[in-house]
Amino acid sequence: EGTGVSSDGDYIAVVHRTSPFFTLLNHTTPGSVSLAATYTLSGIGNGCSFSPNNSYIAVCHATSPYFTLLNHSSGSVSLATTYTLAGNPGVGNHTAWSPNGSYIACAHSGGGGLGPPPGPGFTLLNHSSGSVSLADTYTVSSFSNNTSVDFTSDGNYIATGFGESPRFDVLDHTTAGSVSLASSYTLSGICDVVQFSSDDKYVATGDRSNDLTILSHSSGSVSFVVKHTGASDISGLAWVPLP
């Protein structure tokens, strides 16, 4: 369902639909991988990411508590803490760390349909030495189903993609620990993945209408640049780093 790579490239985290749902691969020998560790999550893994210093791995998954933070050291993992994402259900879809490691953004389902009112769909967590606490939440779209999330390199803005119109938001995080709407953009289908370019000047979005859309970005505002249609159902993408 998703992968994360340590900043030094030595380890690859993988979440998947079969038990134990989380696998850590050793890539200390470039060009080859071997099993480093596994961890049994409470449900299907949907997204994961390493902290900037590689000491922790944030994991979103499909069964309560929906968010698990793992300690990581040289290919070993252990439980640091968990956090129950609010919603009906609060199924975790994706995670991203702020550049300084002080915050973790969680894209998740806030529910919808019959039952209790939908939850926020986006949760920002404070992080310190393996502990997390609630920083802020944001209610995305009418269905409150947030599918993807990414910070700018300065941590000031967060891109989110989700399942209902307008399907893409940029959140203002210039005040650390709080989020508010900066801008929105209407994509042609459910947005499954978003990622800023390394210089933060562009954001790429992939959606289920088979469109890859590139938007320009400046201080929280976005505008259309180009669209590639017919790329099949896009569930992942990555920018080539700038030289």
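Residues are numbered from 1 along each chain as its sequence is written. In this predicted model, local features need pLDDT of at least 70 and side-chain atom pairs count only at pLDDT 80 or more, while totals for chains, interfaces and linings use all residues; side-chain values use heavy atoms, with hydrogens and water left out.

The protein chain contains 20 strands and 0 helices, where strands (E, at least two residues) and helices (H or I, at least four) are DSSP runs numbered from the N terminus. The radius of gyration of the chain is 17 Å, close to the 18 Å that the globule rule gives for 243 residues, so the chain is as compact as a globular protein of that length. This radius is taken over C-alpha atoms, and the globule rule is 2.2 Å times the number of residues to the power 0.38. The C-alpha trace spans about 50 × 40 × 35 Å along its principal axes.

Of the 243 residues, 49% count as buried; buried means under 20% relative accessible area, exposed means over 50%, and partly exposed lies in between (1.4 Å probe, protein chains only). The chain exposes about 10200 Å², and carbon and sulfur atoms supply 50% of this area. Accessible areas come from the Shrake-Rupley method with a 1.4 Å probe, and for residues only the protein chains shown count as cover. Among contacts (heavy atoms within 4.5 Å) between residues at least 6 apart in sequence, 41% join residues at least 24 apart.

Most residues other than glycine have a negative phi, and most peptide bonds are trans. A cis peptide bond joins S64 and P65, with omega about 15 degrees; P65 is placed in the loop between β6 (56-61) and β7 (66-73). A cis bond also joins N88 and P89, with omega about 0 degrees, and P89 is in the loop between β8 (76-84) and β9 (92-97). S74, although not a glycine, has a positive phi of about 50 degrees. This serine, S74, is in the loop between β7 and β8 and is exposed, with a relative accessible area of 61%. S219 also has a positive phi of about 50 degrees; S219 is in the loop between β19 (211-218) and β20 (221-229) and is exposed at 57%.

A search of the whole structure finds 1 aromatic pair. The ring centres of Y202 and W239 are 6.5 Å apart and the planes are at 35 degrees, so the pair is tilted. The pair links distant parts of the chain, 37 residues apart: Y202 is in strand β18 (residues 202-207) and W239 is in the segment after β20. Rings of Phe, Tyr and Trp (its six-membered ring) pair if their centres lie within 6.5 Å; planes under 30 degrees apart count as stacked, over 60 as edge-to-face and the rest as tilted. Y202 is partly exposed at 34% relative accessibility, and W239 is partly exposed at 30%.

G111 is in the loop between β10 (103-108) and β11 (121-128) and is buried, at 3% relative accessibility. Not counting residues up to four places away in sequence, G111 touches N88, P89, P118, F143 and S144.
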